[in-house]
4 protein chains.
Amino acid sequence: MLRVGVIGTGMIGEDHVRRLTSTLSGCRVSAVTDVDAERARAVADVAPGARVHDSGEDLVRDGEVDAVVVASWGATHEQYVLACLAAGKPVFCEKPLAPSAKECLRIVEAEAAIGRRMVQVGFMRRYDTAFAQLKRAVDAGTIGAPLLVHCAHRNASVPGHFVADMAITDSAVHEFDIVRWLLDDEIVAVRVLKPRANGHGRDVQDPLLILLETAGGVLIDVETSVNIQYGYDIRAEVVGESGTVELPQAGNVVVRQSGGVTALIAMDWRDRFRQAYDVELQAWVDAAAKGGATGPTSWDGYVATTISEAAVWSMGTGSRVPIKLEDRPVLYAVS
Amino acid sequence: MLRVGVIGTGMIGEDHVRRLTSTLSGCRVSAVTDVDAERARAVADVAPGARVHDSGEDLVRDGEVDAVVVASWGATHEQYVLACLAAGKPVFCEKPLAPSAKECLRIVEAEAAIGRRMVQVGFMRRYDTAFAQLKRAVDAGTIGAPLLVHCAHRNASVPGHFVADMAITDSAVHEFDIVRWLLDDEIVAVRVLKPRANGHGRDVQDPLLILLETAGGVLIDVETSVNIQYGYDIRAEVVGESGTVELPQAGNVVVRQSGGVTALIAMDWRDRFRQAYDVELQAWVDAAAKGGATGPTSWDGYVATTISEAAVWSMGTGSRVPIKLEDRPVLYAVS
Amino acid sequence: MLRVGVIGTGMIGEDHVRRLTSTLSGCRVSAVTDVDAERARAVADVAPGARVHDSGEDLVRDGEVDAVVVASWGATHEQYVLACLAAGKPVFCEKPLAPSAKECLRIVEAEAAIGRRMVQVGFMRRYDTAFAQLKRAVDAGTIGAPLLVHCAHRNASVPGHFVADMAITDSAVHEFDIVRWLLDDEIVAVRVLKPRANGHGRDVQDPLLILLETAGGVLIDVETSVNIQYGYDIRAEVVGESGTVELPQAGNVVVRQSGGVTALIAMDWRDRFRQAYDVELQAWVDAAAKGGATGPTSWDGYVATTISEAAVWSMGTGSRVPIKLEDRPVLYAVS
Amino acid sequence: MLRVGVIGTGMIGEDHVRRLTSTLSGCRVSAVTDVDAERARAVADVAPGARVHDSGEDLVRDGEVDAVVVASWGATHEQYVLACLAAGKPVFCEKPLAPSAKECLRIVEAEAAIGRRMVQVGFMRRYDTAFAQLKRAVDAGTIGAPLLVHCAHRNASVPGHFVADMAITDSAVHEFDIVRWLLDDEIVAVRVLKPRANGHGRDVQDPLLILLETAGGVLIDVETSVNIQYGYDIRAEVVGESGTVELPQAGNVVVRQSGGVTALIAMDWRDRFRQAYDVELQAWVDAAAKGGATGPTSWDGYVATTISEAAVWSMGTGSRVPIKLEDRPVLYAVS
């Protein structure tokens, strides 16, 4: 029975507390903390026996915490993940691993110094059934070698505090990770194009069309639309030499009504990826129970943030920005 | 240039006049008639040079009429078709060939006595691209031998003069013909089941579930829903030994909007089958120009009406009604 | 931590052992048994700490078993469920509750005598996301009052020991339960029709077309095809007064390849309903931990088996068979 | 009865001869010509009464030719269209209007000098039902203002004489025209990106990703894949402020077979756009019978070729190429 401490009990943190308490196997939540102590106490109520700590550092030190979930504000990720590594405790860190490549790199170096994997980064799409099928089809050669990927990442709307960079750092960062994983290939350049802005987006430049190039010559276009009103919709089609393979339209019931045949779509990302979050966190629990980690690595987190930084630069300048990575530690060598 | 006379210039008759005048090749409308003379004159205006006759018989006699389209009220079909046969003029008769099997049989006998095909019955679905693909797939053995067919025939709503029998004689009669054609098999029994009635249907028993059995042992279920509000929708799936083949959802644009992915559907049967009507009538024009006929025969019209009569009987009694046909004249032998 | 004993470690029993051990929250498998002792021991290996019993009765008596999953051969269900009731232990019983209505009724009476729910029957579809959406749409009045339901239950193939009745007692029994639940309505009559047999089915009469009538006047047609080769496919469309709502085609990736746009479908029912099984059994664990039961009741199990018996009778005789139920104990009153 | 002369009786020319002879209303083919005289004579056989000319100029001069279809090799278009304009005969010219912007411009100037429309360019997609629906939805504001368009233009394979530029000048030129028409907006810049090449394409750089920018700020990405093996597939999705609208998957029958649900797709562009060609040419016949022209203009042909030239330049240099147009003659003012 893995005893998990959860740092950050906002929307996603609370979801994880419920998941660890009532859905997953082999774990329970033994401690929580949040900058909003009252909220931390409220969330602790759903996890019988969970204590509330004043700080993330206190939680990491707690002898009844075997492993840690970091779901706090991105700017605090580095300090908590490093604290976990120092304490020798497996850690699941929500994406982004950290807001800057420099911070991510310090985590990478700390883990590499330990010499074994301790960190899993929260790129949950890798655990989604549909994305897994997509990868299987690509790997099986069903469509020949991949040449292009078309992606769209659409949100019905975004909260008031949303700023333009977040379409890259919060939304498209998922695509940055997933295409690397889908293609087993590295991104070498990025360019961000800005069409006419959506009137629903107030001052935010939305949508964006982001172009990625891989070392292997695959071109990827990613549409981000963060105020598209109609729903939360994630699209991806891989174009190969002899065919394409595409995510299904999420499998909801089909209504014939008022002149149309309508498949309902989710309005909320948590509905779309609920099962993926379950599978993702169960995989972490299983690996953490053995003292290690699996899935997306610190290195993956570092690369995704590096691409985000380049994309933000490109959004400002309009230019094509090459991606420059540090040397990959042997710990993260592709098997 | 085939000179066509059109008897009956109601909705479908007017459509055919426009089609013969402005869309099809090798024909023009030289004469029209209707019980509503004013309407006949109005429709004649869209066909340059068309004269207006006082009666169908006058029209058939007209020396400038080479061939005739009968689109008048069903009860008058027999007299006009027989007049055409007597005059040796090819005739296209809208479905049903006639309201009673007895009338249909007199047409069959008259044409059989002539010894060559002069009549085409207006079962336009045989000319629809999607139904043609369905038949090709069945004939190709794509799904093995057919075992079951599931059909649905749905209208958004029906006019005030609609009575319960018409769900059979006007709607399901299309399925009676099309499954015979799809399967190259004969219907041997029918049973009509009546679920709870749709509140939109006033006094009409709607929907119906009609069960057909073929000589070869195929079972067919046909839903008729004549007040289903949402649109005009024709569904058919043939279930075989190793798979199924199904009509596509009619290929309209797909809108992502308000929480749904919606394929638009037609509200009106003329939109759904516009192209089929064009192809059907062109086939008739081409055959009539050579003095003959092709496509659905008088015999097919007789059989469809016979099944309708049996189905109406079953609706009244709740029993399974066997279909009994007269001997098939050699003219209509299956090739 | 609910300690679960599992009786029967065949395919589905082994699945449940893995699920209770590695996927679900708040439970572990403390004991297993099977007529094949060797198989029981092999399955026990995947559940750390599980002991192996010689008989189901021994397992039920085990002080370290808080609740029981019955996944043995149907003919043994009654004795094990009654043993659990006698021992006051919550029990999850795979469908059918028992092969005959008489046996089911004895379970109903035993549970009713206790006066609170102890039994959950394994109709997992009620926990499937798509069926849940279907019910929500029907309950919300999206399509008006339901009038017809079209179902298909298709298996790629069936094992050598399959006999004709099993298309009813093993396959269609799921539809018998799910339409009662979908419609909140009771089945009052059944009729089974037999089309031409599928050549892949050897001596088995396959497919069947099963017609159900509800007290409220809804008509349901159920196709069972147990040798259809192409895959495992469950279809359902509810037709209402103003529209229809239909299960989605299961949401797998879409491949464009070799002249077609193909959505992959499962070959195996465990793939199709994997998530439903997880949700179903978690619901049982949660209720059993409180000493009770939720979901499909003994009464539902009794009714489903009663309909199966009537359907088997109809298959033999070709007649419409009315369903006659005993009085419903107050314990199972519809809320 | 419009008497049409057809210059060029290759694949598309022969199609048009058949269409004018056997499908369309109000026209017949009175003359044909081709550089391959034998082929011209063979094609003339399908058009009763058609004479064969030695040259396009002879055909244009023929007193029994009221209007002309130019379906010859692109390099000859200018001379034949100018000949028609000089003779005062309406002309339908297959796309491209001419291979260079300079040639197109001479046609524009000649027609503008006449002061009324005489030329229709063969951008048949504007007459396709699905594209028409797409435009209607955009114009109706269903999705708010358009912001992005995603297009794909895929051919199963291309003939041996295909060279890289043709993916732009023969394929993407259709998208250049259709997005201008869909959006009522002008293209101001183009950039062509080259991913890894498809191994099926021999020396041809395939696929391409072409980026277009409009005056109104809409961004369009166009994938051209000319060797994708699986079929002929035209995709387009317009992304607006509150939703998207997308071409349907072409409405062919759906086969359930071998582990998949497959909608068949065309292998050949003539199957996909057969109906659009009929509607397009009927519109031309109707307008030509009145001495004029409708649909895509010479100016549209000039603009499409100008964009093609810029795209070819971009493919060579990798740079973003602005589009510079001459002043638009008042004849082509947007209504």
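**Exercise 1. Find the partner of B:E246.** Which residue of β13(D) is the bridge partner of B:E246?

*Solution.* Start on strand β13 of chain D: the bridge partner of B:E246 there is D:V254. Keep in mind that you're looking at a predicted model. Now zoom out to the strands: β12 of chain B (residues 244-246) pairs with β13 of chain D (residues 254-257) in the antiparallel sense, over 3 bridges.

**Exercise 2. Follow β13(D) onward.** Which strand of chain D is joined to β13(D) by 4 bridges, and do the two run parallel or antiparallel?

*Solution.* Step one: the strand is β14(D), residues 260-264, and the two run antiparallel. Step two: pick out a pair, and you'll see D:Q257 standing opposite D:G260. Step three: check the link. β13(D) and β14(D) make a hairpin with 2 residues between them. In that turn, D:S258 has a positive phi of about 50°.

**Exercise 3. Describe the contact of chains A and B.** How many residues does each chain give, and how much area is buried?

*Solution.* Begin with the head count: 16 residues come from chain A and 16 from chain B. The buried area is about 1,200 Å², with carbon and sulfur atoms giving 53% of it.

Which elements of chain A do the touching? Those giving two or more residues are β11 (233-240), β13 (254-257) and β14 (260-264). The largest share, 5 residues, belongs to β14(A). Sorted by class, this side of chain A has 6 nonpolar, 6 polar and 4 charged residues.

Finally, look at how strands meet across the boundary. β14(A) and β14 of chain B run antiparallel and are joined by 5 bridges. As an example, A:V261 stands opposite B:A263.

**Exercise 4. Now do chains A and D.** How many residues are in contact on each side, and what area do the chains bury between them?

*Solution.* Count first: 35 residues from chain A and 35 from chain D. Together the chains bury about 2,700 Å², 62% of it on carbon and sulfur atoms. In chain A, the residues losing the most area to chain D are A:L147, A:R196 and A:E241, which together make up 22% of what that side buries.

Polar contacts come to 16 residue pairs.

Then sort by element. β7 (146-154), β8 (187-193), β9 (208-214), β10 (219-225) and β11 of chain A each supply at least two residues, and β7(A) has the largest share with 5 residues. By class, that side of chain A divides into 14 nonpolar, 13 polar and 8 charged residues.

Key
Residues numbered from 1 in each chain as written. Chains lettered and ligands numbered in written order. Predicted model: local features only at pLDDT ≥ 70, side-chain atom pairs only at ≥ 80, totals over all residues. Heavy atoms only, no water. Contact = heavy atoms within 4.5 Å. Buried area = accessible area lost by both parts, 1.4 Å probe. Nonpolar A, V, L, I, M, F, W, Y, C, P; charged D, E, K, R; others polar. Pairing = 2+ DSSP bridges. Polar contact = N/O pair within 3.5 Å; in protein donor to acceptor, adjacent residues only side chain to side chain.
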